[in-house]
Amino acid sequence: MTQPEPLPAGQSPTFRLICLATDVPEGMKTGHIPVRSALGRLPDFARLWGHVAPLYRPAAVVCASDVQSDTWAQATRIPLVQQEALRDRSYGLWHGLALRDVPRHELARFVQEPEYAPNGAESAQAFQARIGTWVEGAALQGRIVLVARPAVVRALAVHALGGDCGLANRLDAEPKSLSVLTRHAGLWRVRQYGVALPDLEREWA
């Protein structure tokens, strides 16, 4: 993906994204592509929020539509908005399948070829473009906590770095980690990436 030209400082909003990567769905831990209805989760969100909120003083929380957030309102006490555009990559007809049941040549192409999208799946290129389009077009300002599955946080970091979906294969986005991205005067900066949330909890205790 080509990084857009910086806008004049007076025309480009300044914001900071405090990205919290959720756990991955259980199926992925046993070698399965998750079912469409699978949700990313952040265990003990209320306790985690008690550390994040005083440190960053966010004005809003944005979460992906495939993240479990039904119990968060009482913990955050600030606006919480769900975004369908921040859902994880779609696997089409492969959702719910064990990896061993996916033809190896198709799975290899799906991982390695940016434009390959078999069986209604979303190509790596299309997924990266979707996330980049959202973050460039969303009305973001100030400090925002963004909660999404790890692949989405990785795609956001790739966009901030001006890379394409090939760069995503060279970055790890660990579940239950924190990343901080900023944009000022039209320029992106990755201030922090992939810090394990359990480590942060020990540090802040």
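**Close-ups of rings, cores and cysteines**

**View 1. Arg-89 sits over a ring.** Arg-89 lies over the face of Phe-110, 3.8 Å from the ring centre. A charge counts as over a ring if NZ of Lys or CZ of Arg is within 6 Å of the ring centre and within 35 degrees of the ring normal. Bear in mind that this is a predicted model: local features need pLDDT of at least 70, side-chain atom pairs count only at pLDDT 80 or more, and totals for chains, interfaces and linings use all residues. Residues are numbered from 1 along each chain as its sequence is written, and side-chain values use heavy atoms, with hydrogens and water left out.

**View 2. Phe-45 stacks with Trp-72.** Searching the whole structure turns up 5 aromatic pairs (rings of Phe, Tyr and Trp, the last by its six-membered ring, with centres within 6.5 Å; planes under 30 degrees apart are stacked, over 60 edge-to-face, the rest tilted). Phe-45 and Trp-72 make a stacked one, at 4.0 Å centre to centre with 10° between the planes. Phe-45 belongs to helix α2 and Trp-72 to the loop between β2 and α3 (73–76), so the pair ties together parts 27 residues apart in sequence. Helices (H or I, at least four residues) and strands (E, at least two) are DSSP runs, numbered from the N terminus. Phe-45 is buried at 5% relative accessibility, and Trp-72 is buried at 2%; buried means under 20% relative accessible area, exposed over 50%, partly exposed in between (1.4 Å probe, protein chains only).

**View 3. Trp-94 meets Phe-110.** With ring centres 5.2 Å apart and planes at 75°, Trp-94 and Phe-110 form an edge-to-face pair. Trp-94 is in the loop between β3 (80–83) and α4 (104–112), while Phe-110 is in helix α4, 16 residues apart. Both Trp-94 and Phe-110 are buried.

**View 4. Inside the largest nonpolar core.** This core has 41 residues, and Leu-17, Leu-20 and Leu-86 are among those with the most contacts inside it. A nonpolar core is a set of buried Ala, Val, Leu, Ile, Met, Phe, Trp, Tyr and Cys residues joined through side-chain atoms within 4.5 Å. Leaving aside neighbours within four places in sequence, Leu-17 is in contact (heavy atoms within 4.5 Å) with residues including Val-135, Leu-146, Val-180 and Trp-188.

View 5. The disulfide count is 0, going by cysteine sulfur atoms within 2.5 Å. The sulfur of Cys-63 is 13 Å from its closest cysteine sulfur, in Cys-19, too far for a bond. Cys-19 is buried at 0% relative accessible area, and Cys-63 is likewise buried at 0%.
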